[in-house]
Amino acid sequence: MKKSANELMQEIVFAAVLDAVMALKAGSKGLPNTLLRDIGAIHANTTQADLSPELQAAIAASARAAFQRLMKEGYSVAPAGAAAPPRPPRPGGPDRPDRPHRPDRPHRPDRARGPRPPGRGGGGGGGGGGERPRGPKGPR
């Protein structure tokens, strides 16, 4: 069974995060304080150049593996601005009208929308328009 693009991307991102954590561990050489320092140095404005060489290599390998896996699963990856592949022709040929004629239904010309007869309406929510009926005492 073929996986959806969402499931595939989740697996790719999960694998990349695991690879990055393993690279951080390898970069710290088993020293917990070094590992904590390296993790603490990562923040929202961190660039790839700020990361350890082990982590940079893991990110590059994860990106390559992600593109290879996408192409293996049948997804195409194209540079930005590249033209989309041509679509196959519509069934019925180019002279097929948008709305086919149905001989079993009578033709009804567009009619102007006028006021609806009383008691027949399009629902709508209560409230709106009209005056409120007044009781025998008059206005309050």
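Me: Which residue follows H1, and what is its phi near?
Reply: This is a predicted model. The residue after H1 is Lys 29. Its phi is positive, near 55°.

Me: How far does H1 reach from its first C-alpha to its last?
Reply: H1 has 24 residues. At 1.5 Å a residue, 34 Å would be expected. The reach in the model is close to that, at 35 Å.

Me: Are H1 and H3 roughly parallel or roughly antiparallel to each other?
Reply: The axes of H1 (residues 5-28) and H3 (residues 53-72) come within 9 Å and cross at roughly 160°. Angles over 145 degrees count as roughly antiparallel. The crossing is right-handed. The two helices are therefore roughly antiparallel.

Me: How many nonpolar residues does the contact of H1 with H3 have?
Reply: On the H1 side the contact includes Leu 8, Ile 12 and Leu 24, and on the H3 side Leu 55, Ala 58 and Leu 70 are among the residues met. By class, the contact has four charged residues, two polar and, as the number asked for, 11 nonpolar.

Me: Which helices are included in what covers the buried residues of H1?
Reply: The buried residues in H1 are Leu 8, Ile 12, Ala 20, Ala 23, Leu 24, Gly 27 and Ser 28. Their cover includes H2 (32-40) and H3.

Me: Is Ala 65 buried or partly exposed?
Reply: Ala 65 lies in H3. Buried would need under 20% relative accessible area, and exposed over 50%. At 41% relative accessibility, Ala 65 therefore counts as partly exposed.

Methods:
Residues numbered from 1 in each chain as written. Predicted model: local features only at pLDDT ≥ 70, side-chain atom pairs only at ≥ 80, totals over all residues. Heavy atoms only, no water. Axes fitted to C-alpha atoms, helices over the stretch in contact; angles between N-to-C directions. Helix = DSSP H or I, 4+ residues; strand = E, 2+ residues; numbered from the N terminus. Parallel < 35°, antiparallel > 145°, perpendicular 65-115°, else oblique. Left-handed = near helix turned anticlockwise from the far one by under 90°. Contact = heavy atoms within 4.5 Å. Nonpolar A, V, L, I, M, F, W, Y, C, P; charged D, E, K, R; others polar. Expected span 1.5 Å × (residues − 1). Buried < 20%, exposed > 50% of the residue type's maximum accessible area, 1.4 Å probe, protein only.
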